[in-house]
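Please have a look at it before reading on.

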Amino acid sequence: MLRPEVAGFYDQRTGSIQYVVACPNSRRCAIIDPVLDFDEKSGSTATTNADVILDHLQRHDLKLDWVLDTHPHADHFSAAAYLRAKTGAPMAIGEHIRDVQRIWRDIYNWPGLACDGSQWDRLFRDGEPFKIGELDARVLHSPGHTLASISYIVGDAAFIHDTLFMPDSGTARADFPGGSAESLWQSIQAILSLPDETRLFTGHDYMPGGRQPLWESTVADQKRNNPHVAGQSRHDFIHLRETRDRTLPMPRLILHALQVNIQGGELPPAEENGRRYLKIPIDAFPSSAWSS
Ligand SMILES: N[C@@H](CCC(=O)N[C@@H](CS)C(=O)NCC(=O)O)C(=O)O
Ligand SMILES: [Fe+2]
């Protein structure tokens, strides 16, 4: 089996990992989960993270086949639209993005939002195969954290985003609109049924105990060492996940980010004064925990 070359790019501000997965033979590649920088205090955007990735492509003589997102992120803006505009590469996500668009269209009271996924060039079905150069890639629908979440399996590597984190960090939360701890459990079981030596690349690392950021594990490692799955039953996992989720405040940027990410990372259009604006719903999540 052809083994992809994987490079991870850590965004310290959001604890996100962005990936370049490359075919060693053809020098063709995909970017997964790129971040568009946003500072909510000043309302400023920047393309620092995405430009580091573009620079990496140039230095390693890589040609971009795809800009991929695993799910509509709740903690940062996607840089997919920016990277498509810069490179012309097609942008893709899972087909259930349409369901997520409908949920958030109602939360934002946004009747004009196209909820057909037409903002992307391709919507992937569960199990759908595709190519990155000579590499065989396929999609595994992995709902739970969001309704639309998918994992990308490329050769012996799986990009599993917000399902399992590093073994010392457990699993992703499942309490966003459309989330489900039960679905997350099923999605995790499907990932753990991949071969033991599969390289797993996670979507976030929050550096527990102040350790260095890490993002690569294996199926065997997760089965042995992740306390959310090792020796857990489905019932216990759901209980643990739901109990913990009730204590977690919403991500700092969830209300900013979803309105951008359900449009593939496209910022709202400028108003007549040339400025773009975000819209924040008030009291949309009355039962959510407050940040201290
Ligand atoms: N403190 C972070 C939390 C972000 C967050 O909720 N991350 C999600 C993934 S998008 C998660 O699963 N977090 C698990 C946890 O915080 O235990 C923020 O405000 O952005
Ligand atoms: Fe997420």
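The notes below cover the ligand site and the metal site.

This is a predicted model, in which local features need pLDDT of at least 70, side-chain atom pairs count only at pLDDT 80 or more, and totals for chains, interfaces and linings use all residues. Residues are numbered from 1 along each chain as its sequence is written, chains are lettered from A and ligands numbered from 1 in the order in which they are written, and side-chain values use heavy atoms, with hydrogens and water left out.

**Around ligand 1**

- The residues around ligand 1 (a heavy atom within 4 Å) include Asp75, Phe165, Ala172, Arg173, His204, Leu248 and Pro251.
- By class, this shell holds 5 nonpolar, 2 polar and 5 charged residues, where Ala, Val, Leu, Ile, Met, Phe, Trp, Tyr, Cys and Pro count as nonpolar, Asp, Glu, Lys and Arg as charged, and the others, Gly among them, as polar.

**Polar contacts of ligand 1** (pairs of N or O atoms within 3.5 Å)

- Tyr206 places a polar side-chain atom 2.8 Å from a nitrogen atom of ligand 1.
- An N or O atom in the Arg244 side chain lies 2.7 Å from an oxygen atom of ligand 1.
- Arg252 uses a polar backbone atom, 2.8 Å from an oxygen atom of ligand 1.

**Iron ion (ligand 2)**

- His71 (NE2), His145 (NE2) and Asp162 (OD) coordinate the iron ion at 2.0 to 2.3 Å; donors are N, O and S atoms within 2.8 Å of the metal (3.2 Å for Na, K and Ca), and water is not among the atoms, so sites may look incomplete.
- Along the chain, the donors of the iron ion follow the spacing H-x73-H-x16-D.
- His145 and Asp162 are also among the residues around ligand 1.

Terms used: A polar contact is a pair of N or O atoms within 3.5 Å; within protein, one must be able to donate a hydrogen and the other to accept it, and residues adjacent in sequence count only if both atoms are side-chain atoms.
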